[in-house]
Amino acid sequence: MRVTLERSHLLASLTHVHRVVERRNTIPILSNVLIRTDDGQLKLKATDLDLEAQESVPALVERPGATTVPAHMFYDIVRKLPEGSQVSLEASADGATLSISSGRSRFSLQMLPESDFPDITVGELSHAFTLEAGDLKRLIDRTQFAISNEEIRYYLNGIFLHTVDGPDGSLFRAVATDGHRLARADIAAPKGAEGMPGIIVPRKTVGEIQRLIEDPKAELKVELSDAKIRLTVGNVVLTSKLIDGTFPDYGRVIPQGNDKELRVDKAEFAEAVDRVSTISSERGRAVKLTLAEGRMVLTVVNPDSGTATEEVMVDYGDTPLEIGFNARYLLDIAGQLTSETAVFHLADAGSPTLIQDAGDGATLYVLMPMRV
Amino acid sequence: MSRSRPRQLPLTMPHQAAMSREDFVVGEGNREAAAFIDAWPDWPASVVLLIGPNGSGKSHLVNIWATKSRAAVVAAADLASADPTVLVGTGAVAVEDADDPALDEKALFHLLNAARGRGASVLITAHAVPSVWGVTLPDLLSRLRAAQPAFLGPPDDALLEKVIIKLLADRQLAIDAGVLDYILLRMERSCAAACELVEALDRESLARGRRITKAIAAEVLAPEGEA
């Protein structure tokens, strides 16, 4: 194999592909990226057996061939080559090393045979649709923070994507929860998505999708079955296994009858939460909200260091209420709200609270309180 | 704010209990009852009484039987508003919690008559034998006494272990063998206690964002105030 290509093309592609490769691998071939010449192009592919990324870049192919080299090292080499340079890749005749040359730099990387490189068996993908990349990114942005990190709850370690019937037609919905908070975001369902199976897209795949979307206006093609998902944007194809679990019937967690409404300036609220939580000895400690007519007092007590309080003017006219929340969770949700005013629907200090943007029903957040 | 450590409350996550025959774990305490369900339609009597405490698997067996026999399933408390001829329409009917004080005795009697007329099988569940339900209608009592009882007894250790694993699997959870042994040595020996315990373990582990450890199990098992 002998090819020459632009360093910028190779780097852009390696940037997308190498992230899939885990830093530590017990199976050596999984540390490598597959490179294969293909009709005026160089194809790059990386996998961790659950997620696979591949991309093609234009290249001058002098001698066709394919091989694999360590992905992170290859990426680091190309990254450090000068901008605007050309990179030549040449496999040695004995199949042992790949030489990478650019300007006066020469590298030689050990190869592993292409034939050892694993493929994710995709099987039949039952549903296919396209949507604007920015729409999917928005769904991910709104819900990703609520994905559970707890391995034992493997069925919560991703975003649940499915379609539901809405008042004005079918909706494409993303839901994530870690058992303490839940985020739900909707967009109008793209044509072809109706009737798709509900799928749980793993956290790592979600992160890669989000990073891949550079141009929100780009068209993104989604193909899926109940076991796999494939996303194509530009020259990049991401194929991933899905989480083999049942997402909980989340609708039963979303409170319907919370009758105490609180409206607060989102930025002012988030700043106040951030300030009073400084007194906490660790992040994620409780902040108590004391609500009375027209005002909210935020309090943090840390028996080891002191106390903090701040008063915020709010729109609240119901009976006084004291309720505690994890400060970090409040900030996470405030960080996702897009309108100036945050609307809280509360019941009592032991029940889930519903939080939404003023005037936006497409996204909602459910937050369980802390007992303070 | 109190000086005790603030505690995160978890969302009440719904789960789906697996209710098929393959999911019913059989052991010493429930072998006889499961055998009756498996033997249908070769029953020694047209009316079978499933008798066992809360959590012993009565509803699960009713579900298995209803799937197999296409039986209508009705709560005893709802019998009064149901049409007995419709209920026995498929040739099989299950009545749950017949010892519920809300039972309309006449309605149950009419149902048994309708079943007899139709040649239908009837499966009735209760927590105890009919003589202690306080039935006042003598004809109903004698009909219930003539029914074939099948008892769900307390679980032995092997069954209790399988029940806990099944209840955890319903919640898509698993625990280490060491934690399971720890629990089995210390818990009350009943299926109802197993249900409550697994629910509490799930909730506590969700609240803390941690797997179910011995420390969590110890707190959940400790009597109120000792945790």
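The model is predicted, and local features are reported at a pLDDT of at least 70, side-chain atom pairs at pLDDT 80 or more, and totals for chains, interfaces and linings over all residues. Residues are numbered from 1 along each chain as its sequence is written, and chains are lettered from A and ligands numbered from 1 in the order in which they are written. The pLDDT, which is the predictor's confidence in each residue on a scale from 0 to 100, averages 95 over chain A. In that chain, 99% of the residues score at least 70. Helices and strands are DSSP runs numbered from the N terminus (H or I over at least four residues for helices, E over at least two for strands). Confidence in chain A is lowest in strand β27 (residues 370-371), with a mean of 94, and highest in strand β14 (residues 199-202), at 98.

Domain bounds were taken from an automatic or database domain assignment. Chain A is assigned domain 1 (2-116), domain 2 (127-252) and domain 3 (255-367). Between domain 2 and domain 3 of chain A, the C-alpha centres are 28 Å apart. Contact between residues is defined by C-beta atoms, placed from the backbone, that lie within 7 Å; 9 residues of domain 2 and 9 residues of domain 3 of chain A take part in this contact. On the domain 2 side, β13(A) gives the most, with 6 residues. Residues were classed as nonpolar (Ala, Val, Leu, Ile, Met, Phe, Trp, Tyr, Cys and Pro), charged (Asp, Glu, Lys and Arg) or polar (the others, Gly among them). The side of domain 2 of chain A that touches domain 3 of chain A comprises 4 nonpolar, 1 polar and 4 charged residues.

Chain B is divided into domain 1 (21-151) and domain 2 (157-221). The centres of these two domains of chain B, taken over C-alpha atoms, are separated by 31 Å. The contact involves 10 residues of domain 1 and 10 residues of domain 2 of chain B, and the domain 1 side has 2 nonpolar, 6 polar and 2 charged residues.

Two open sheets of chain A are described here, with strands taken as paired if DSSP finds at least two bridges between them. One sheet has 5 strands in the order β5-β1-β7-β8-β9, with antiparallel pairing. Strands β5 and β9 (105-110) of chain A are at its edges with a single partner strand each, so one side of each has no neighbour in the sheet. Neighbouring strands of this sheet are turned against each other by 20° on average, direction ignored. Strand β1 (residues 2-6) of chain A is joined to strand β7 (residues 86-91) by 5 bridges, and to strand β5 (residues 60-63) by 3 bridges. Thr4(A) has Ser88(A) as its bridge partner in β7(A) and Leu60(A) as its partner in β5(A). Arg2(A) stands opposite Glu90(A) in β7(A). Helix α1(A) packs on the sheet through β1, β7 and β8 (97-102) of chain A, and its direction makes about 90° with that of β1(A). Angles run from 0 to 180 degrees between N-to-C directions, and axes are lines fitted to C-alpha atoms, for helices over the stretch in contact.

Helix α1 (residues 7-18) and helix α2 (residues 71-80) of chain A have axes that come within 9 Å and cross at roughly 145°. Residues of α1(A) in this contact include Leu10(A), Leu11(A) and Leu14(A), and those of α2(A) include Phe74(A), Tyr75(A) and Val78(A). By class, the contact of α1(A) with α2(A) holds 7 nonpolar, 2 polar and 2 charged residues.

The other sheet has 9 strands in the order β14-β11-β12-β13-β26-β25-β24-β18-β22 of chain A, with antiparallel pairing. Its edges are formed by β14 and β22 (315-316) of chain A, each with a single partner strand, so one side of each is left without a neighbour in the sheet. Strands β11 (residues 158-166) and β12 (residues 169-177) of chain A are joined by 7 bridges, and Asp165(A) stands opposite Ser170(A) in β12(A). Helix α4 (residues 203-212) of chain A packs on the sheet against β11 and β14, at about 75° to the direction of β14(A). Helix α6 (residues 327-336) of chain A touches β13 (181-188), β24 (341-346), β25 (353-357) and β26 (363-367), and its direction makes about 175° with that of β26(A).

The contact between the chains takes 19 residues from chain B and 30 residues from chain A. The chain B side divides into 9 nonpolar, 6 polar and 4 charged residues. Strand β27(A) pairs with strand β1 (residues 7-8) of chain B in the antiparallel sense over 2 bridges, and Arg371(A) stands opposite Arg7(B) in β1(B).

Key
Contact = placed C-beta atoms within 7 Å.
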